[in-house]
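Subject: Structure handover

Hello,

Here is the structure you are taking over. Please open it alongside this email.

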Amino acid sequence: MDLSLIIMQLLSGIALGAVLVITALGLTIVFGMLGVVNFAHGALFMIGAYAGLYLASLTGSFWWGLLLAPILIGAFGMLIEFVLIRRLYGRSIDDPLLLTFGLSYILVEGVRIVFGSDGIPFPTPPQLIGVVDLGIGFFPRYRLFVIALVAVVLLVLWLTLEKTRVGLIVRAGARDPTIMQVLGVDIGRVWLAIFGLGVGLAALGGVLAGPMRSVNPEMGSLVLAEAFVVTVIGGLGSIVGAVVAGLMVGISISMVALFAPEMATIVMFALMAVVLLIRPQGLFGVRGRTA
C-alpha cells in the first residue's frame with residue numbers, strides 16, 4: 001500500500017481526533033471539577049452544530065457562527081447548571097446523570113420538532129474549501145484548520161488553568177470548595193463557569209464537526225459514546241488523558257477504516273477494553289476514582 005495514502009489517513013485520524021478531543025474535554029472538565037456526569041453532552045454538541053449553522057446562515061459568515069455558537073450554548077449550559085444541576089450537588093452521582101439523561105431527550109426531541117429529522121448540510125467556509133498539497137499528497141484545507149484551531153484552544157485553555165489567578169481559583173475550588181468559601185470565594189460562580197466552559201467546548205466541537213458531516217438531531221448520540229470512551233481511556237477527570245485518548249481513538253478509527261472499514265466503529269470499544277484491563281483507572285486517571 002502507498003505510504004502517502006497511509007500518511008493522509010493518519011492526518012484524517014488526527015482531524016477526527018481533534019474534534020473528539022475538544023468534545024471529550026468538556027465532558028472530562030465537568031466531571032473532574034464538579035463530579036457531574038453530563039449525559040446531555042452529546043445533545044449539547046448537536047445543539048452547538050445547529051446554532052453554528054443558524055448563525056452562519058443569519059450572518060452570512062461561518063466565522064460568526066464559529067465564534068458565537070459556543071458562547072451562546074455555553075451560556076445556555078450555565079443556565080442549566082444554575083436552575084437544575086446545582087440542586088443536586090452533594091447527592092448521589094446518579095442523580096445528575098439521570099437528570100441530564102432526561103434533558104438530552106428533551107433537547108433532541110425539541111430540535112426534531114423545530115428542524116425535522118432530516119440532515120442539513122453545513123457548508124464549508126469558502127476560504128477553507130479545497131485541498132492543500134503537502135508534498136506527499138493532498139489533504140482537505142478545512143481539516144487542517146480544525147487541527148490547528150483545536151491546538152490553539154488547548155494551548156489557551158492550559159495557560160488559563162495553569163498560569164492565571166482564575167485558573168488557580170478554579171483548580172482550588174474543585175479540590176476543596178469549603179476552604180475556598182471560607183476564603184471568601186463565591187464557589188457557586190466557579191461551578192457555573194466550569195459547567196458553562198464544558199458545554200461551550202461541546203458546542204465548539206459540534207460547529208467544527210458540522211462541515212465534515214450533516215447536521216441532524218441524532219448526531220450527538222454517537223459523539224456522546226465516543227466522548228465517554230475517550231474520557232474512560234484517558235482517565236476520568238484527566239485533561240491530559242482526554243487529549244491523548246482523543247487522538248488515539250481518532251487515529252485508530254481512521255487507520256482501521258483504511259484496512260477493515262466494517263471494524264472502524266467498534267475499534268474504539270476494543271481499545272477501551274484493552275486499556276481498562278491493563279489500567280482500570282485509565283491512562284492518566286487516579287487509582288480509586290470511578291464514575
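Predicted model: local features only at pLDDT ≥ 70, side-chain atom pairs only at ≥ 80, totals over all residues.

Residues are numbered from 1 along each chain as its sequence is written, and side-chain values use heavy atoms, with hydrogens and water left out.

Some terms first. Helices (H or I, at least four residues) and strands (E, at least two) are DSSP runs, numbered from the N terminus. Axes are lines fitted to C-alpha atoms, for helices over the stretch in contact, and angles run from 0 to 180 degrees between N-to-C directions. Contact means heavy atoms within 4.5 Å.

**Helix 3 and helix 5**

Helix 3 covers residues 62–83 and helix 5 covers residues 141–163. Their axes are 15 Å apart and pack at an angle of about 30°. That makes helix 3 roughly parallel to helix 5 (under 35 degrees is roughly parallel, over 145 roughly antiparallel, 65 to 115 roughly perpendicular, and the rest oblique).

Helix 3 brings F62, W63 and L66 to the contact. Helix 5 brings Y142, F145 and L149. By class, this contact of helix 3 with helix 5 has six nonpolar, no polar and no charged residues. Here Ala, Val, Leu, Ile, Met, Phe, Trp, Tyr, Cys and Pro count as nonpolar, Asp, Glu, Lys and Arg as charged, and the others, Gly among them, as polar.

Helix 5 has 23 residues. From first C-alpha to last it reaches 32 Å, close to the 33 Å expected at 1.5 Å a residue (the expected span is 1.5 Å times one less than the number of residues). Its buried residues are Y142, F145, V146, V150, V153, L157 and L161. Buried means under 20% relative accessible area, exposed over 50%, and partly exposed in between, with a 1.4 Å probe and protein chains only.

Take V153 in helix 5. Which residues does V153 contact, leaving aside neighbours within four places in sequence? They are I22, L201 and L204. V153 and R171 are 18 residues apart in sequence and 19 Å apart in space, C-alpha to C-alpha.

Helix 1 (residues 3–34) and helix 9 have axes that come within 9 Å and cross at roughly 70°. The two are therefore roughly perpendicular to each other. On the helix 1 side, L20, T23, A24, L27 and T28 make the contact. On the helix 9 side, V223, E226, A227, F228, V230 and T231 do. By class, the contact of helix 1 with helix 9 has seven nonpolar residues, three polar and one charged.

Helix 1 also packs with helix 10, at an angle of about 145° and with axes 6 Å apart. This crossing is right-handed. The contact of helix 1 with helix 10 has 20 nonpolar, eight polar and no charged residues.

Buried residues in helix 10 are G241, A242, A245, G246, V249, G250, I253, S254 and M255. Which helices do they pack against? Helix 1, helix 9 and helix 11 (267–278).

**Three partly exposed residues**

- S221 lies in helix 9 (residues 219–234). Its relative accessibility is 45%, so S221 counts as partly exposed. The C-alpha atoms of S221 and I251 are separated by 20 Å, at 30 residues apart along the chain.
- L84 sits in the loop between helix 3 and helix 4 (94–115). L84 is partly exposed, at 32% relative accessible area. Not counting residues up to four places away in sequence, L84 touches L79 and L99. L84 and T100 are 16 residues apart in sequence and 9.1 Å apart in space, C-alpha to C-alpha.
- P140 is in strand 2 (residues 138–140). At 32% relative accessibility, P140 is partly exposed. P140 touches G130 and V131, not counting residues up to four places away in sequence. P140 and S254 are 114 residues apart along the chain, with their C-alpha atoms separated by 15 Å.

Best wishes

Methods. Left-handed = near helix turned anticlockwise from the far one by under 90°.
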